[in-house]
Amino acid sequence: MSSPQETNRSTSEVSVVADGSAQYLTFTLGKEEYAVDILKVQEIRGYDAVTAIANAPPFIKGVINLRGVIVPIVDMRIKFSVGEATYTEFTVVIILNVLNRVVGIVVDGVSDVITLPPEQMKAAPEFGATLDTKYIKGLGTVDERMIILVDIEKLMSSRDMELMDEVAA
Amino acid sequence: MSFDLQQFHQIFFDEAKENLEEMERQLLTLDLLNPDQEEVNAVFRAAHSIKGGAATFGFQDMADITHVLESLLDKVRHGELPFTSAIIDAALQAGDILSRQLRGHRDGAETSEEEAIPVITKLKALAEGKLDSTVIQQTPLVAAPPNSSGHQIRITLLAGATTPAQRDTLRFEFEPHDPALWVDAEDGSSSITLHTCSMPSDIEEILSFVVSPEHYCLETLPPLEESRPEPVAEATENLLEGEGFGFFVDPAQLKAQAEEDQGFGFFVDLPSPDTATPTPSPHPVPASPENNAGAEPGEHPRRRASDREADTSIRVSVDKVDQLVNLVGELVITHAMLAQTISRMDPVLHESLFSGMGQLDRNSRDLQEAVMSIRMLPIGSVFSRFPRMVRDIAAKLGKEVELKTIGESTELDKGLIERLSDPLTHLVRNSLDHGIEDPEQRELAGKPRKGTLTLQAYHQGGSITIEVLDDGAGLNREKILAKAASNNLQVSPDAPDHEVWQLIFAPGLSTAEEITDVSGRGVGMDVVKRNIEGMGGRVEISSQAGAGTRISIRLPLTLAILDGMSIGVGSQTFIIPLNMIVESLQPKRSEVSTVSSNGRVVHVRGEYLPVVALHEVFSIVPVTTDPCEGIVVILELEGSKVALFVDALLGQHQVVIKSLETNYRKVRGVSGATIMGDGHVGLILDVPALIQLSRS
């Protein structure tokens, strides 16, 4: 198996198996399928008891109490403008451990853990100004499906997420 | 100073040991070529802590060494001196001696008192930058007064053997001994005759750093019967001018230094009669160990023979304690949730469950208290620094002051203790400078010559009160008002006293007639107030002209727990720190008015207070937008009051404060978060920021 990586290492490092493959957790937002490095995932839980934060951007739903730790919750559907931001008992929150912080992201559903060999990863094409691809590490293909690999550290530390006081990246 | 310091000795020993280890570790890992500022600072801090502790507990020998070490490191820290291996060596050596002294004090064992002298002189030499890395002095040269049993040594430098630069270096080295005695012979050689009790080998050792052995010769001359006062006087003069090489232990110079930096007495603590130097004439040298022994405090009367190796305390990182506090907080929350569920059950059917809950309640409360007490320290550790400070400042100001401390064993949170010492120092300095009058004035006013300054701490409810009392002149109402007017502070001339007193906390306001180095710059009181409020506390002043001033600081017992009032707006719950709340009320329709149609004020007991609607500030949909149907909470802040309009008061709690910034960022208007009884997160309002937010 791959060795655990330091969370604050450079963003290009993911859990790499001997042949260069890496493991990802895939989740859906609307009809699109996304993936994050599995080693950044702490746990998966349901969506409830969120305390709203005043004057925060709409995609920051608020904070929750995760066993005594105050954790902010980001709704990726609002952030990426995909799907519909509805909250039911099936709404899933992925708790991520990025840059020594704990952050929860709301997604429509968690699908699978996949192993992607490097040859199945393609660089993300430029979409021009309408879509920001700087948080997309690449596009992968599994069983004819396209999976968008999110550079979660870059995303979470970016200025427009407004998650941190000082932008670390 | 009447209380027994002995009880803190063990803490000091533990701490000093740790600091020494830390210092050594840092010194050993330091990269000479490119020293990390943070590492240098860490070494400095360690030395500083040891010094402070040692001086407080009367371990003068340790304080002496660390003081010199500290001044050396301070220079390095500020880039005045380069970091050399000589400095590290000397610092490590000092560390070794400190460890030995520490063991000596702890176990009551003998410490060799003169072994510290070489290190101290070496450190001093390094600090003065006069010993570069190539010239490392192993043994201090101790020159003897001419009439002592010393001997004369003549050094002759052969012609052409030395460059002028080398000769200068040598001149410099021997200068304090007898600079006048350099004699240039006609053949180009020069010689010097030293009066010293050092062995010729010591001299050779110095020389060997500068010239090679074949280029000089050394002769030992028979001791002179006749003393030659002239050169000695000159040498002494040199010393007094502060040009001493540091090879000397000069009481006068040291005394001057020690007094100058208000430090912890140097080699000789002059006020104590048994260590004072008996001869009035400046003695360049305490020549022998016997003399130097006077520099040490001698045998410690409170030495204990018992072996304290088996420590009765352990040092635990604050992180671990905080984790424990968190876990207990969780337990309390879980307990509250269980209690809520159980309250719906039938007590008769589930009798054992209810009695079990009662027991759990008691146990978890005890556990919480016990865990909190781990973070608690007696306030005596802050008070203990004042006797010395008061004495020094009083002497400087020519005042007679007696310091009384009451309630040193009152405990409060470690984090608060650390942050309390600066504001308290300010207040004590202020009282000494402005409060207590000169002895003559006091006599004229019919008061005893000696003023009294009292530091007092006690528990009151869920908070601790610390008071600084003086029996001085009291605050001068007219002067403060005049000063406030000249600073463009709005205040009516017939404002009540307590409002006038609060003015001294305004930035830039000092009523001192002249600026002294003790106080009077007008910074300070505003900083005091800000610091105290930053800790969730309040400062209050009461004063009576001619009778004195009392400044009370009220602090919560801990930073980890806050007394709060939970309030509801819309579907959300917020916590307001209880110490900000004056009262809450439901205003009558006639008491609410508008100002220029959108600003609202509420009329409470003759005052018009601006209404701040929390739902507007936080953009929440409220239950009601009419203050007469909700509640207004009157908050007091920096002497002014506002009315915070909320939907409802929910109750009063003790809440465990958690940081939002750990995983998120700072939110304006919110100082932190807590976990409510139902497991939800509740946000704690930052009242000053909230009010600013509402104004913008």
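**Exercise 1. Two helices of chain B**

In this predicted model, H4(B) and H5(B) cross in a left-handed sense. Work out at what angle the two helices pack, and which residues make the contact.

*Solution.* Start with the pair itself: helix H4 of chain B spans residues 85-107, and helix H5 of chain B spans residues 116-127. Next, take the geometry: the angle between them is about 150°, and their axes lie 10 Å apart. Now list who touches whom. H4(B) contributes Ala86(B), Ile87(B), Ala90(B), Ala91(B), Gln93(B), Ala94(B), Ile97(B) and Gln101(B). From H5(B) come Ala116(B), Val119(B), Lys122(B), Leu123(B) and Leu126(B). Finally, sort these contact residues by class: ten are nonpolar, two polar and one charged.

**Exercise 2. Where chain A meets chain B**

Describe the contact between chain A and chain B: how many residues does each chain give, and how much area is buried?

*Solution.* Then turn to the area: about 1900 Å² is buried between the two chains, with carbon and sulfur atoms giving 55% of that.

**Exercise 3. Pairs and elements at the interface**

Find how many salt bridges and how many polar contact pairs span the interface of chain A and chain B, then characterise the side of chain A.

*Solution.* For salt bridges, the rule finds zero. For polar contact, it finds seven residue pairs, both partners at pLDDT 80 or more. On the side of chain A that touches chain B, the elements giving two or more residues are strand E4 (60-66), strand E5 (69-75) and strand E7 (101-107) of chain A. By class, that side holds 17 nonpolar, four polar and four charged residues.

Notes. Residues numbered from 1 in each chain as written. Chains lettered and ligands numbered in written order. Predicted model: local features only at pLDDT ≥ 70, side-chain atom pairs only at ≥ 80, totals over all residues. Heavy atoms only, no water. Buried area = accessible area lost by both parts, 1.4 Å probe. Salt bridge = Lys/Arg side-chain N within 4 Å of Asp/Glu carboxyl O. Polar contact = N/O pair within 3.5 Å; in protein donor to acceptor, adjacent residues only side chain to side chain. Helix = DSSP H or I, 4+ residues; strand = E, 2+ residues; numbered from the N terminus. Nonpolar A, V, L, I, M, F, W, Y, C, P; charged D, E, K, R; others polar. Axes fitted to C-alpha atoms, helices over the stretch in contact; angles between N-to-C directions. Left-handed = near helix turned anticlockwise from the far one by under 90°. Contact = heavy atoms within 4.5 Å.
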